[in-house]
Amino acid sequence: MTTSGSMKTITDLPPEIIDTICHELTLEDIANMQAAAPLLDSMVKFIFFPKFTKMRVTMDENGSMITLSPRSTHSYLEHSFSVSGDSPMRRQILEDCSSVESLTISCSDHNKDYHILNAINRAEIKLSKLVINIHSPQKCDDCLEPSFRDTYCVKIMNRSHRKITEFLREQASTVNTLKMSTSEEDSISVKLRPLDSASTSTESHVHFAHTADSALNSSLIYPLFKAFNDAKPSGPSSVRLTVDWRIRLDLALQSAFMVALPVWGHRSRVTKMRIGFSSKVSSLSHDEINASLEAFSKQLEFTRNLKELVCDVTNSKIDPCNLESMIYALSSQLDLERGHRIRVVHDAPVIEDTRNWVKEEWAGWPKVY
Ligand SMILES: [Zn+2]
């Protein structure tokens, strides 16, 4: 194809024209055009695709869909594109998506076909952020019948959990933000970021807002977050746990710890840990909070280098007279002779314990670092 005047080939077209043409087409049309006109192929690769940094994959009983979205959506040349996951052009489209860094997977845990995830890995898309929304279908009669559920549905669900975990394992070396949810109310996220640009130390921030469910813990949650952490050369040196719970704060707190530090070898690297709670903590009595902290402290058996443990019970309405017993509750596994520090941050006073048990620092405002 040639044009008149000074333009000799189609590659002389201004990039904006190529971009505008692509925005009038579907992803399949674009892929067909690339296949038919090799000169256009590289232009489309370099002009059109790089703006797409976000991908969404939905999988349910009706099939699957891939949606590509640009980083920003300010102009008409920045809208999203969708294509069926069964498209014959899928492979070619995915191979041009090397700028994608964030992927959201929304799927049913009864889904049987995970080829699309294998195709994403084969296309060498390297993610930094992965969001997984996995839920049970609203209509499954078998799920309502315990005997069917156990023999049929649970097998499919476990397979789904395995497939998702296998997908993450392939991506885990680059993923630094992982979020999963199993319902509107149940989610867990972990964000791993460098503590400062000069060092290799990282902080892991876990936001845990999930109902304690031991079956789900062992089939999905722990394997998923273990795969995420296994790929990191060393564990985080600083850990922040933010816990929101519906029932059993003690179980939620322990699960949050397991999500942050599922690899045993990583635990001894942690020097700083901060735990905090949602405003729901105001509904708990001092005894309930203390019992949860005491159960939590048993997790600290292998965090041998933990120097500073901060417990933020802001909003808890705890009588400052009770703060000291919280420090006792937290300290069962900590060797105070080795210079560990525990700090309880509370609305009004800050109480601090150092090597010289118990030093209290009363400040007018909570310390935040
Ligand atoms: Zn079912």
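In helix α3 (residues 38–48) of this predicted model, the buried residues include L40, V44 and F48. These three cover an arc of only 40 degrees around the axis, which puts them on the same side of α3. P38, S42 and F46 are exposed on the other side of the helix. An α-helix has 3.6 residues a turn, so residues three or four places apart point the same way. The packing partners of the buried residues of α3 are α1 (15–23) and α2 (27–36).

A one-sided arrangement is also found in helix α12 (residues 323–330), where L323, M326, I327, A329 and L330 are buried. Viewed down the axis of α12, the buried residues fall within an arc of 160 degrees, so they line one face of the helix. Two residues of this set, M326 and L330, are in contact with C311.

C311 is, together with A256, one of the residues with the most contacts inside the largest nonpolar core, which has 80 residues. Helix α9 (residues 249–260) gives the most to this core, contributing 7 residues. In soluble globular proteins, nonpolar side chains tend to be buried together.

The protein chain as a whole holds 12 helices and 13 strands. Of its 369 residues, 33% are buried. Among contacts in the chain with a separation of 6 or more, 71% are between residues 24 or more positions apart.

Strand pairing was examined for β7, β8 and β9. Strand β7 (residues 187–194) runs antiparallel to strand β8 (residues 202–209), and the two pair over 8 bridges. Within this pairing, S204 in β8 stands opposite L192. The pairing of β8 with strand β9 (residues 238–243) is instead parallel and extends over 6 bridges. Here V243 in β9 is the bridge partner of F208.

G63 belongs to strand β2 (residues 63–70). With 12 other C-beta atoms within 10 Å, G63 is exposed, because a residue counts as exposed when 12 or fewer such atoms lie within that distance. Apart from residues up to four places away in sequence, G63 touches S84, G85 and D86. The C-alpha atom of G63 is separated by 8.7 Å from that of D113, although these residues are 50 residues apart along the chain.

S82 is located in strand β3 (residues 81–84). This residue has 14 other C-beta atoms within 10 Å and is therefore partly exposed, since the count lies between the limit of 12 for exposed residues and that of 20 for buried ones. When neighbours within four places in sequence are left aside, S82 is in contact with M65, I66 and T67. S82 and R56 are 26 residues apart in sequence, and their C-alpha atoms are 9.0 Å apart in space.

Notes: Residues are numbered from 1 along each chain as its sequence is written. This is a predicted model: local features need pLDDT of at least 70, side-chain atom pairs count only at pLDDT 80 or more; totals for chains, interfaces and linings use all residues. A nonpolar core is a set of buried Ala, Val, Leu, Ile, Met, Phe, Trp, Tyr and Cys residues joined through C-beta atoms within 7 Å. Helices (H or I, at least four residues) and strands (E, at least two) are DSSP runs, numbered from the N terminus. Two residues are in contact if their C-beta atoms, placed from the backbone, lie within 7 Å. Two strands pair if DSSP finds at least two bridges between them. The arc is that of the directions from the helix axis to the C-beta atoms.
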